[in-house]
Amino acid sequence: MRPSRGLLLFLLANLLLIGLLLHSVFTLLTLLFEDCSNDAIPAIDIPAPDALEEINKLPQYIPKIIHQTWANESIPEKWQKAQKSCRDLHEDYEYMLWTNEKARNFIAKEYDWFLETYDNYPYPIMRADAIRYFILNHYGGIYIDLDDGCERRLDPLLSYHAWLRKTTPSGISNDAMGSVPNHPFFKSVLDSLQKYNRNWQIPYVTVMYNTGPLFLSVIWKEYLPTVKSEETRVRILMPAEYNDHPWSFFGVYKGSSWHRNDAKTIFWMGQHWLLVTVVVFAFCASLYVCGFYAYRRVHLRDSNYSAHASPFSSWSWPWSKNGYKPIKHEV
Ligand SMILES: *[C@@H]1O[C@H](CO)[C@@H](O)[C@H](O)[C@H]1NC(C)=O
């Protein structure tokens, strides 16, 4: 049988659909291959922890403030050591602990246009994600997750206008970030929160893509081409400078449950969130395409056409002279 025009059109429509889907996950795909080398903070630019003279010569743009978040003032014991390590090393920094109550009051007072979205986030972690972008935008300073301890003073990280941390194997995390107040990157983050506020049905994807690291990575990737000066640039703290080396800034004190065997899958997903998300997207896309195709076949069989009939045979094309002819195709 010669392929009918309808069949070709059907294939074309599917290609178009796949193209559209690919386009919408294009930023995600490019993130998989982004090595951040253009904006990485080179190890050589970071003075050794005891090179005080060199450190004191660095400019200071980011204000000396450390921000952390927790539900209330009683920090769980497993994180007290990490919290103390940062506070003890930075007695000359202002320390701000953002409890749920303080965080909500702050949003209500300074960003009331966001309060409704903030209150209606389905998971508390989403509020914890969002608040850190707002406080960095408002006060500037360095945000640190409670399970990150400080291994050395963060002064060299104050010499940039904004920085984020690269995760392995790909993407950007939001567990340690620094910025001057009103940095255009964080402004675009704030401006995007409502646009990205969608329920993806899968809690993991919803959290990641609405407020979490995946959201931040996509906004960052889209922000990159708009950077025009050193002030607007967002520098990237690379994994070796983040932890695990004598010159690294942070040490990770993850809660012990995180490392238990039964949590291995979740841990792996946490490490490979970008890959997981792309796979979930691809899976949904192929489900959609298969479902569409199956639907057309069933639909055609039910309406008593040959299964080989073109899925579009019941359409009347404006350019076909005779219009729709309800004849059974002979195969
Ligand atoms: C603080 O928050 C934690 C976590 O939500 C909760 O378990 C604890 O009871 C709270 N403590 C106080 C004093 O409210």
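## Aromatic pairs and local backbone features

Phe185 is buried, its relative accessible area being 0% in this predicted model. Because Phe185 belongs to helix H8 (residues 184-193) and Tyr223 to helix H10 (residues 213-223), the pair ties together parts that are 38 residues apart in sequence.

A search of the whole structure finds 19 aromatic pairs. Another of them is formed by Tyr111 and Phe134, whose ring centres are 4.8 Å apart and whose planes stand at 65 degrees, so this pair is edge-to-face. It links distant parts of the chain, 23 residues apart, with Tyr111 in the loop between helix H5 (100-110) and helix H6 (115-120) and Phe134 in helix H7 (residues 124-139). Tyr111 counts as buried at 9% relative accessibility, and Phe134 is buried with a relative accessible area of 0%.

| Arginine | Ring | Distance from ring centre |
|---|---|---|
| Arg87 | Tyr95 | 4.0 Å |
| Arg165 | Tyr242 | 3.6 Å |

Helix H9 (residues 203-210) is mostly covered, since six of its eight residues are buried, namely Val205, Thr206, Val207, Met208, Tyr209 and Asn210.

The backbone holds further features to inspect. Most residues other than glycine have a negative phi, and most peptide bonds are trans. Against that background, Thr168 and Pro169 are joined by a cis peptide bond with omega at about 0 degrees, and Pro169 is placed in the loop between strand S5 (162-166) and strand S6 (172-179). Cys36, which is not a glycine, has a positive phi near 65 degrees and is found in the loop between helix H2 (26-32) and helix H3 (52-57). Asn182, likewise not a glycine, has a positive phi of about 55 degrees and lies in the loop between S6 and H8. As for accessibility, Cys36 counts as buried at 3%, whereas Asn182 counts as exposed at 60%.

Definitions and conventions. Residues numbered from 1 in each chain as written. Predicted model: local features only at pLDDT ≥ 70, side-chain atom pairs only at ≥ 80, totals over all residues. Heavy atoms only, no water. Phe/Tyr/Trp six-rings, centres within 6.5 Å; stacked < 30°, edge-to-face > 60°. Helix = DSSP H or I, 4+ residues; strand = E, 2+ residues; numbered from the N terminus. Buried < 20%, exposed > 50% of the residue type's maximum accessible area, 1.4 Å probe, protein only. Lys NZ or Arg CZ within 6 Å of the ring centre and 35° of its normal.
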